[in-house]
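Here's a quick briefing to read alongside the model. Grab your viewer and follow along, topic by topic.

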Amino acid sequence: MCSSIICIDENGKILLGRRNDNHLLGYSGGSLEIDECVEDCAKRELLEEMGIIAEELEFFCVNSGPQAHYIYPNGDEVSNFEIVYLCRKWSGVPNCSDGEMDELRFYDPKEIDLEQISPPIKNVVADYINKFGK
């Protein structure tokens, strides 16, 4: 099981980073540790991957099924079950803390090319754009 956060700035832009494994854009997220709550995992991953401290979370969606199936460049194959949160209240300055991503920046939903989004989260970003990007 995975937990993720789409971090949003005061202008409605979302924080994305270029992943080092497939060189496509993604938000922060990762697998739960033993006995970790999904909210704590999402907050931990956001801090580790993007240097941001989440102050409030809002449930957005569950991402699972065929669209969440993915084979990583290293050959690992997963069928993700991901709980995705939105975070509008946060602190810190975005930075590539753990080396999993680089080129962090906030994107206006209208400028996002879905072909540049990592495949297992493409449907989540498309849903966000449909709900908030107009």
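Glu36 is buried, with a relative accessible area of 17%, and its side chain meets that of Arg44 in a salt bridge at 2.8 Å, N to O. Keep in mind that this is a predicted model. Arg44 is buried too, at 18% relative accessible area, and Glu36 is one of its partners in a network of salt bridges.

**Salt bridges**

- The count comes to 10 salt bridges.
- Some background: side chains of opposite charge can pair when their charged atoms come close.
- Arg44 also forms a salt bridge with Glu33, with 3.6 Å between the closest N and O atoms.
- That pair links distant parts of the chain, 11 residues apart: Arg44 belongs to helix H1 (residues 38–50), while Glu33 sits in the loop between strand E4 (28–31) and H1.
- Glu33 is partly exposed, with a relative accessible area of 46%, whereas Arg44 falls in the buried class because its 18% is under the 20% cut-off.
- Which residues make up the network around here? Glu33, Glu36, Arg44, Glu45 and Glu48 are linked in it by salt bridges.
- Elsewhere, Glu115 and Lys122 form a salt bridge, their closest N and O atoms being 3.8 Å apart.
- Glu115 is exposed at 56% relative accessible area, and Lys122 is partly exposed at 24%.

**Largest pocket**

- The largest pocket holds about 520 Å³ of space.
- Its lining takes in 26 residues, and Cys2, Arg19, Gly29, Gly30 and Tyr72 lie nearest the centre.
- Strand E1 (2–7), E4, H1 and strand E7 (77–79) are the elements that give two or more residues to the lining of the largest pocket.
- Which element supplies the largest share of that lining? E4 does, with 4 residues.
- Sorted by class, the lining has 11 polar, 8 nonpolar and 7 charged residues.

**Nonpolar cores**

- A general point first: in soluble globular proteins, nonpolar side chains tend to be buried together.
- In this model, the largest nonpolar core has 18 residues, and those with the most contacts inside it are Ile6, Leu16, Tyr27, Phe60 and Ile112.
- Strand E2 (14–19), strand E5 (53–63), strand E8 (82–91) and helix H2 (122–132) each put in at least two residues of this core.
- H2 gives the most to this core, with 4 residues.
- Another core lies apart from this one; it has 15 residues, among them Leu15, Met50, Ile83 and Tyr85.
- What does Phe60 touch, leaving aside its neighbours within four places in sequence? Its contacts are Ile6, Val84, Tyr85, Leu86, Val124, Asp127, Tyr128, Lys131 and Phe132.
- On H2 itself, Val124, Val125, Ala126, Tyr128 and Ile129 are buried.
- The buried residues of H2 pack against E1, E2, E5 and E8.

**Backbone spots to check**

- As a rule, most residues other than glycine have a negative phi.
- His23 has a positive phi, near 65°, and is not a glycine.
- You'll find His23 in the loop between E2 and strand E3 (25–26).
- Asp35 is another residue with a positive phi, about 60°, without being a glycine.
- Asp35 is placed in the loop between E4 and H1, the loop that also holds Glu33.
- Is Asp35 buried or exposed? At 79% relative accessibility it counts as exposed, because that is over the 50% cut-off.

**Around Pro119**

- Pro119 lies in the loop between strand E9 (101–107) and H2.
- With 35% relative accessibility, Pro119 counts as partly exposed.
- Beyond its neighbours within four places in sequence, Pro119 is in contact with Asn22, Leu24, Gln67 and Tyr70.
- If you want a distance to check, Pro119 and Arg88 are 24 Å apart in space, C-alpha to C-alpha, and 31 residues apart in sequence.

Technical notes
Residues are numbered from 1 along each chain as its sequence is written. This is a predicted model: local features need pLDDT of at least 70, side-chain atom pairs count only at pLDDT 80 or more; totals for chains, interfaces and linings use all residues. Side-chain values use heavy atoms; hydrogens and water are left out. A salt bridge is a side-chain nitrogen of Lys or Arg within 4 Å of a carboxyl oxygen of Asp or Glu. Buried means under 20% relative accessible area, exposed over 50%, partly exposed in between (1.4 Å probe, protein chains only). On a 1 Å grid over the protein atoms alone, a cavity is a set of points where a 1.4 Å probe fits but cannot get out, and a pocket is an open set with protein on both sides within 12 Å along at least five of seven lines; lining residues have an atom within 4 Å of a point. Grid points are joined across faces, edges and corners, and a volume is the space filled by probe spheres set on the points. Ala, Val, Leu, Ile, Met, Phe, Trp, Tyr, Cys and Pro count as nonpolar, Asp, Glu, Lys and Arg as charged, and the others, Gly among them, as polar. A nonpolar core is a set of buried Ala, Val, Leu, Ile, Met, Phe, Trp, Tyr and Cys residues joined through side-chain atoms within 4.5 Å. Contact means heavy atoms within 4.5 Å.
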